[in-house]
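Work through these exercises with the structure open. Try each task before you read its solution.

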Amino acid sequence: MKLNIASLAGLLVVGVAAGSASAPAHGAEAAASAEKLTYSKERADCESGKTSQDRATCLKEAGAAQQERKRNTLDNNGSMRQNAIERCNTVAPKDKAECLARIEGPSQTNQSTKTSGSVAGGGVIRESTTTTTGAPVVIVPATPAASAPR
């Protein structure tokens, strides 16, 4: 049997087209499977107590995250630094430099930042200190009031 090159090329094109047409379906199935797997792992972590939340809150958060994943609105890829800077933009202008120093570290030689605590322990506490010097103030002790004669 003789194969016609044009027929063989036509079959190859049809095969590639059929394969690529089914790729999105497989991709969607894979994404749904990954979502279910992520949700199952989050639930298992809640049930086993591997999170810092109580069981009810953990399950509620896992369910909310699953709903956002289904809507394709769950965003965990944001910049933590940018988020912190945006939070500092909401404080009073006079306090913004100290807020940024707590997040990014000291930006001036007269600033220092101390960090303590942990997320698992309930939160990270950052304390920023800015040392400033001013004009010296001289305090003159008051003269004692004359005591009344006896």
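The exercises below concern a predicted model.

**Exercise 1. The overall layout**

Task: State how many helices and strands the chain has, and in what pattern they follow along the sequence.

Solution: 
- Count the elements: there are 4 helices and 2 strands.
- Read along the sequence: the pattern is α-α-α-α-β-β.
- Of the chain's 150 residues, 11% count as buried.
- Then take the surface. The chain exposes about 12300 Å², and carbon and sulfur atoms supply 58% of that area.
- Last, contacts. Take those between residues at least 6 apart in sequence: 21% of them join residues at least 24 apart.

**Exercise 2. Two residues, one cut-off**

Task: Decide whether Asp45 and Gln66 are buried or exposed, and find what each one touches.

Solution: 
- Recall the cut-off: buried means under 20% relative accessible area.
- Apply the cut-off. Asp45 has 18% relative accessibility, so it counts as buried.
- List its contacts, setting aside neighbours within four places in sequence: Asp45 meets Lys50 and Thr51.
- List its contacts, not counting residues up to four places away: Gln66 touches Glu35 and Tyr39.

**Exercise 3. One face of a helix**

Task: Name the buried residues of H3, and explain why they line one face of the helix.

Solution: 
- Go to residues 80-88. The buried residues there are Ala84, Ile85 and Cys88.
- Look down the axis of H3. Its buried residues fall within an arc of 100°, so they line one face.
- Find the partner: the buried residues of H3 pack against helix H4, residues 93-104.

**Exercise 4. The span and end of H4**

Task: Compare the reach of H4 with the span expected at 1.5 Å a residue, and state which residue follows the helix.

Solution: 
- Count the residues: H4 has 12.
- Take the reach from first C-alpha to last: 17 Å, close to the expected 16 Å.
- Step past the end. Gly105 follows H4, and its phi is positive, near 100°.

**Exercise 5. The hairpin**

Task: Work out in which sense S1 and S2 pair, and describe the turn between them.

Solution: 
- Locate the strands: S1 is residues 111-118 and S2 is residues 123-130.
- Read the pairing: antiparallel, over 8 bridges.
- Check one pair. Gln111 stands opposite Thr130 in S2.
- Inspect the turn. The strands form a hairpin with 4 residues between them.
- Note the glycine: Gly122, in the turn, has a positive phi of about 120°.

Notes
Residues are numbered from 1 along each chain as its sequence is written. This is a predicted model: local features need pLDDT of at least 70, side-chain atom pairs count only at pLDDT 80 or more; totals for chains, interfaces and linings use all residues. Side-chain values use heavy atoms; hydrogens and water are left out. Buried means under 20% relative accessible area, exposed over 50%, partly exposed in between (1.4 Å probe, protein chains only). The arc is that of the directions from the helix axis to the C-beta atoms. Contact means heavy atoms within 4.5 Å. The expected span of a helix is 1.5 Å times one less than its number of residues. Two strands pair if DSSP finds at least two bridges between them. Accessible areas come from the Shrake-Rupley method with a 1.4 Å probe; for residues, only the protein chains shown count as cover.
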